[in-house]
Structure formats: structure tokens, C-alpha cells
Amino acid sequence: MHVRLLKRTILILKINRYLKEITNMSDFLPAAQTSDLKDGEKMLAEVDDRLVILFQVGADYFCIDDVCTHDGGTLSDGEHAGFEITCPRHGAKFDIRCGKAMCMPATQDTASHEVKVDGDTILVKISQ
Ligand code: FES
């Protein structure tokens, strides 16, 4: 009896681990193709009904919300250089690697999202 219970418990644990792996994988959604961007460029994308900006810097990709936390400005219309993007409305700057607000008038970070590349597809995991 105990052996059957132990086997059933192990099976449930394996199933839970498998489901967790599948869930984590499915959190990443396709946002663009690597051919859509070149080094130093940015592009607007919609992922899971959310407007985000994808950036390529060297071989790395980054993703932040298309929203300035100062007053809701559209960051994708702003100038971008290196790891910074400047809001076109009042000049707030954000770090594209983490969404950190770098200067006034923005005092709150904008959301950043995890990015990975699978083959030619750029995948984004939307944070809350
Ligand atoms: S809305 Fe972006 S700096 Fe004011």
C-alpha cells in the first residue's frame, strides 16, 4: 500500500514539474523576427495586447513598455542611443535594459520585459 502511494506521489511531482516547465516556456511570446531589427535600431511591437519597444544593441535584444511614466508619452517616438531612450514630450530618459527612469521629469521606472531569441524569432515574456 505504501509503495503504491509513494509511486503515485512521485508521478504527481513529475507531472507538476513538467507542467511548470511548459508554463514557463509558453510565457514567452513571439514579438518579431531578428531580420526586423538591426544593431542600434528599435521597433514597436504588440505582445499579448501590450505595446512594447524592442531594441537591438550589438547581439543583445531588450524590451520595455511603450509608455513614459511621467505622463504617458509614447517612448517609441523618442530618440534612442546606446542603452537610453528619451521621451519626445518632456525629455525623460529611460534605460532600455531595465526600464529605469534616468532623469526628471520621470520618477518611476517603465516596465521591462525578458527577451530571448529562438532561431530567427525574438520572444518576449511580458512582466506584470
Ligand atoms: S510624458 Fe514623457 S517626459 Fe513627460
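Strands S1 (residues 28-33) and S9 (residues 121-125) are paired antiparallel through five bridges, where pairing requires at least two DSSP bridges between two strands. Within this pair, alanine 32 has isoleucine 122 of S9 as its bridge partner. S9 is also joined, again antiparallel and by five bridges, to strand S8 (residues 112-118). Aspartate 118 lies opposite threonine 121 of S9. S8 and S9 make up a hairpin with two residues between them, and glycine 119 in the turn adopts a positive phi of about 65°.

The model is predicted: local features need pLDDT of at least 70 and side-chain atom pairs pLDDT 80 or more, while totals for chains, interfaces and linings use all residues. Residues are numbered from 1 along each chain as its sequence is written.

Elements are DSSP runs numbered from the N terminus (helices H or I, at least four residues; strands E, at least two).

Of the 128 residues, 27% are buried (20 or more other C-beta atoms within 10 Å of the residue's own, with C-beta atoms placed from the backbone). Beyond its neighbours within four places in sequence, alanine 31 contacts (C-beta atoms within 7 Å) Ala45, Val47, Leu54, Ile122, Leu123 and Val124.

Terms used
Buried ≥ 20, exposed ≤ 12 C-beta atoms within 10 Å, placed from the backbone. Contact = placed C-beta atoms within 7 Å.
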